[in-house]
Amino acid sequence: MAIFADKNNKVLVQGATGHQGVFHIGAMLEFGTNVVAGVTPGKGGQEVHGVPIFNNVFEGVSQTGANTSLVLVPARFAKDAIFEALDAGLKTIVVITENIPFQDAMEFVHYAKYKDAVLIGPNSPGIASSGKTKIGILPGQIFKEGDVGVASRSGTLTYEIVNSLTEKGIGQSTCVGLGGDPIIGTTFIDALDAFEKDKETKAVVLVGEIGGTAEEEAAEHIKENISKPVFAFIAGRTAPPGKRMGHAGAIIARGKGTAESKIKAFEKADVKLARFPTDIADLVEKYS
Amino acid sequence: MKLFEYQGKELFDKYGISVPNGRLVNNEKDFSGLNYPFVLKAQVPIGGRGKAGGIKSVENLNDGKDKLSQIMGMDIRGFTVRKVLAEEKVDIKKELYLSITLDRSKRMPLIMASDEGGMDIESVPDEKIFKEWVNPLIGIQSFHIRGIVSKLKLDKDEGKGVAGVISKIYKLFRDYDCELVEINPLIISKDGSVMALDSKVNINDDAMYRHPDIVPEHVDLTPLEKDAKEKGIAFIQLDGNIGVIANGAGLTMATLDALTNYEGKGGVFLDLGGTDDPEKVKQAFELMKKAKPKVIFLNLFGGITRCDTVAKGVKEVISKEGIDCPVITRIKGCNEDIAKDILKDAGLITGTTLQDAAQKSSDLAR
């Protein structure tokens, strides 16, 4: 088993014919992902690495039975692309696009909920279940099959940590990049619940960063609901205080959001914290 | 992007929210047509200007001339005052607090209001701040507004006025891709009108392309940071001497954190993001050179970014323009072997692990 993505995901790539689309369709096929369709308006009839390209999502879905979308379109067109994917009935949407205006994200995150779809991102590196599938832009060579689940708010920092696990011989069940934006579809809590249910996952690694209160909320959730061991790394311990969003930001945060606050919250929930990203692997080896 | 108070009030005016009669003033000639007494307010992108002497009451022309010359050019927590707003005084009956911001956890706009508006809103206890969340799929409805207004201690007419302001700032928040619209204080005047005495409006940088009528000023950035912003590079100046270039905000932050374990201190945070465009890499290195760090630490992990393309860009800058400080590199991920060869060829020092490279950078920066 794995969470959110496995062999059953038939992937349609939105923004398939651009430089990144072509590169990553190739990389996903190499990983073993079942990429069945690409969509670029006006480019229907072409092929990318043998994958047929369609003019719109509805066509792609009816011709190929795709059930998942990987969104690589530029930020300005992302909202439209995601609404189209949701209306075409896709139930897993992975949004790689960064710099999407957050009010657009707010709308498609709520629409995905209404459509009962899992939306990962935006500004996510994607999701990889070792030995099964990779939907996104994560570098395939860093993964190894195993029983540690990884959920992260960061992109490259996730690769760093997964790579160090793999170098230690510790494999992963699923690694999900939740995305670095203020508004994201799938949260630490969603990922923790899924890992808790997943029989293949024995331990969970969370990669957090300063800003927002997602880590504090995850820590509260772990205390009551998660029985598997959880490990964490928080980036931004030495970052200068972030720009506050006026008084309103301070009122919501009420002192939360800093690295200290997140570290304290995790310690209270008995989560083991690493000092270097690459130390996570040592901790997992020691306590699992 | 944070707007100045006067820019926020221009938007309020556009949306039909009353603001005091006023204008930007450069000299005493600009006072004509304003009724005394009025208030001079320094336009700076941070709070606490009142306590810093950036707000002064004016009784007559000469008084105004003196006080304007005191405020114009003054330094408020690192920001030089270049714009001053003059506003007629209003007789205040009640001071309220009103804002709309983004609740990241609920992923919805959050409306907050309190009877206890004014200077010390951050110390007002939670139970005296009334909140309503608006699902963006349904937008603001009357029940949201009633939910707030009914809790504020207002008479019927005042309540009507405040309800109007709430629906107007929600529209403004959505139309202009705001992260924050805050009015503190929102006042009820002695003659019963509802008026915004201050404004804080932040617009989402990623949505600025939809708002060509807002001229970006980026007043809260250093000159190099401003330069970087125009080039689309995430670049923040810090008080250490090691220039960190990494890809992804998380990895860049983690790299800065790693340095402190070896008593190194970051002087620049430069996040290349997902780019491997050689032109962007070149611009990033040029910016970094201008910041004059003692050591540059390049930490790359390739996903969407291909390490070899970045390395090519780095090699090109260094071979063409030279660089007068040591560059420590550490490369992992997509096409890392090709990248390592290119960087070795360019004569750069490569670290084996993050710890190794962080230690080498910190040692060289001492």
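This is a predicted model: local features need pLDDT of at least 70, side-chain atom pairs count only at pLDDT 80 or more; totals for chains, interfaces and linings use all residues.
In chain A, the centres of domain 1 and domain 2 lie 25 Å apart, taken over C-alpha atoms.

**Two domains in chain A**
- The domain assignment gives residues 11–120 to domain 1 and residues 126–287 to domain 2.
- Where the two domains meet, domain 1 of chain A brings 21 residues and domain 2 of chain A brings 15.
- On the domain 1 side, helix H1 (19–31), strand S5 (68–71), helix H4 (102–114) and strand S7 (118–120) of chain A each supply at least two residues.
- That side of domain 1 has 15 nonpolar, five polar and one charged residues.

**A sheet in chain B**
- Six strands of chain B form an open sheet with mixed pairing, in the order S13-S15-S14-S16-S17-S18.
- Its edges are strand S13 (234–237) and strand S18 (349–350) of chain B, each of which pairs on one side only.
- Strand S17 (residues 327–333) of chain B pairs with S18(B) in the parallel sense, over two bridges.
- Within S18(B), Ile349(B) stands opposite Ile328(B).
- Helix H8 (residues 307–321) of chain B lies across strand S16 (295–302) and S17 of chain B, at about 155° to S16(B).
- Helix H10 (residues 354–365) of chain B lies across strand S14 (242–246), S16, S17 and S18 of chain B, and runs at about 165° to S16(B).

- As a general background, nonpolar side chains tend to be buried together in soluble globular proteins.
- Here, the largest nonpolar core has 147 residues, and those with the most contacts inside it are Val71(A), Ile93(A), Val205(A) and Leu270(B).
- Helix H6 (residues 249–260) of chain B gives this core its largest share, seven residues.
- Leaving out residues up to four places away in sequence, Leu270(B) touches several residues, including Ile233(B), Phe235(B), Val244(B) and Met288(B).
- Another core, of 40 residues, lies apart from the largest one, and among its members are Leu98(B), Tyr170(B), Cys178(B) and Val181(B).

**Where the chains touch**
- The contact between the chains takes 50 residues from chain B and 51 residues from chain A.
- Elements giving two or more residues to the chain B side include strand S7 (92–103), strand S10 (178–189), S17 and H10 of chain B.
- H6(B) gives the most to that side, with nine residues.
- The chain B side divides into 20 nonpolar, 18 polar and twelve charged residues.

Definitions and conventions. Residues are numbered from 1 along each chain as its sequence is written. Chains are lettered from A and ligands numbered from 1 in the order in which they are written. Domain bounds come from an automatic or database domain assignment. Two residues are in contact if their C-beta atoms, placed from the backbone, lie within 7 Å. Helices (H or I, at least four residues) and strands (E, at least two) are DSSP runs, numbered from the N terminus. Ala, Val, Leu, Ile, Met, Phe, Trp, Tyr, Cys and Pro count as nonpolar, Asp, Glu, Lys and Arg as charged, and the others, Gly among them, as polar. Two strands pair if DSSP finds at least two bridges between them. Axes are lines fitted to C-alpha atoms, for helices over the stretch in contact, and angles run from 0 to 180 degrees between N-to-C directions. A nonpolar core is a set of buried Ala, Val, Leu, Ile, Met, Phe, Trp, Tyr and Cys residues joined through C-beta atoms within 7 Å. A residue is buried if 20 or more other C-beta atoms lie within 10 Å of its own, exposed if 12 or fewer, and partly exposed in between; C-beta atoms are placed from the backbone.
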